[in-house]
Amino acid sequence: MASGLDDIDHKLLALLQVDDRVPVAELGKTLGVAPSTLNDRIRRLIKLGVISGFHAHVDPEKVGLDLLAYVFVGWSDPATEKLFLAAIARSPEVLEAHHVTGSWNYLMKVRLTTTRDLEGFFAQVVKEVPGVQRTETLIVLSSPKETTLIVPPELKA
């Protein structure tokens, strides 16, 4: 397998992504592997960086973050990038930022409470970065599919 992981590693990762609170003994029964072996595998996957952490998945709308938007950001001066990245690193509204191809430099995924908060985000974060020339915002109306599950190519067969 290209990733250096075997079938048990992939199955273990799939199970942990669905519920990382399942006891190792139960995972062992499901996978037919001794719990001590699974503990060793989990530690190895963490050490390799395959598992980057264990997290609670919070429903954004249940905590009042009803507005989801994607924001394209563009500039022409390469020096702007460092300032932009520093500004968004300090901004909890930015859930993701991706360097993209095409006519934009970055695409951000942001979560806020209202459109007024989005306006404030632009005024206090994006427009404060010298060199940012343009933005385009897409407000999400609904999300029929949103997941964090990663399915390795080896398991897509």
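This is a predicted model: local features need pLDDT of at least 70, side-chain atom pairs count only at pLDDT 80 or more; totals for chains, interfaces and linings use all residues.

User: Which residue forms a salt bridge with Asp6?

Analyst: The closest N and O atoms of this pair are 3.0 Å apart. Asp6 sits in the segment before α1 (7–18), and its partner, 35 residues apart from it, is in helix α3 (residues 35–47). Helices (H or I, at least four residues) and strands (E, at least two) are DSSP runs, numbered from the N terminus. The partner is Arg41.

User: Is Asp9 buried or exposed, and which residue is its salt-bridge partner?

Analyst: Buried means under 20% relative accessible area, exposed over 50%, and partly exposed in between (1.4 Å probe, protein chains only). With a relative accessible area of 1%, Asp9 is buried. Its salt bridge has its closest N and O atoms 2.7 Å apart, and the partner is Arg44.

User: Why does the pair of Asp9 and Arg44 tie together parts that are apart in sequence?

Analyst: Arg44 is partly exposed at 32% relative accessibility. The pair ties together parts that are 35 residues apart in sequence because Asp9 lies in helix α1 and Arg44 in helix α3.

User: Where do Asp40 and Arg43 lie?

Analyst: These two form a salt bridge, with the closest N and O atoms 2.8 Å apart. Asp40 is partly exposed at 45%, whereas Arg43 is exposed at 52%. They are three residues apart, about one turn of the helix, and both lie in helix α3.

User: Which residues of α3 are buried, and why do they line one face of the helix?

Analyst: α3 has 13 residues and reaches 18 Å from its first C-alpha to its last, close to the 18 Å expected at 1.5 Å a residue (the expected span is 1.5 Å times one less than the number of residues). Seen down the axis, the buried residues fall within an arc of 100°, so they line one face; the arc is that of the directions from the helix axis to the C-beta atoms. The face turned away from the buried side carries the exposed residues Arg43 and Lys47. The buried ones are Leu38, Arg41, Ile42 and Leu45.

User: What volume does the largest pocket have?

Analyst: On a 1 Å grid over the protein atoms alone, a pocket is an open set of points where a 1.4 Å probe fits, with protein on both sides within 12 Å along at least five of seven lines; lining residues have an atom within 4 Å of a point. Grid points are joined across faces, edges and corners, and a volume is the space filled by probe spheres set on the points. For the largest pocket that volume is about 1100 Å³.

User: Which element gives the largest share of the lining of the largest pocket?

Analyst: Of the 30 lining residues, the closest to the centre of the pocket are Gln17, His55, His57, Thr148 and Leu149. The elements giving two or more residues are α1, β2 (94–99) and β3 (106–112). The largest share, four residues, comes from α1.

Note on methods: Residues are numbered from 1 along each chain as its sequence is written. Side-chain values use heavy atoms; hydrogens and water are left out. A salt bridge is a side-chain nitrogen of Lys or Arg within 4 Å of a carboxyl oxygen of Asp or Glu.
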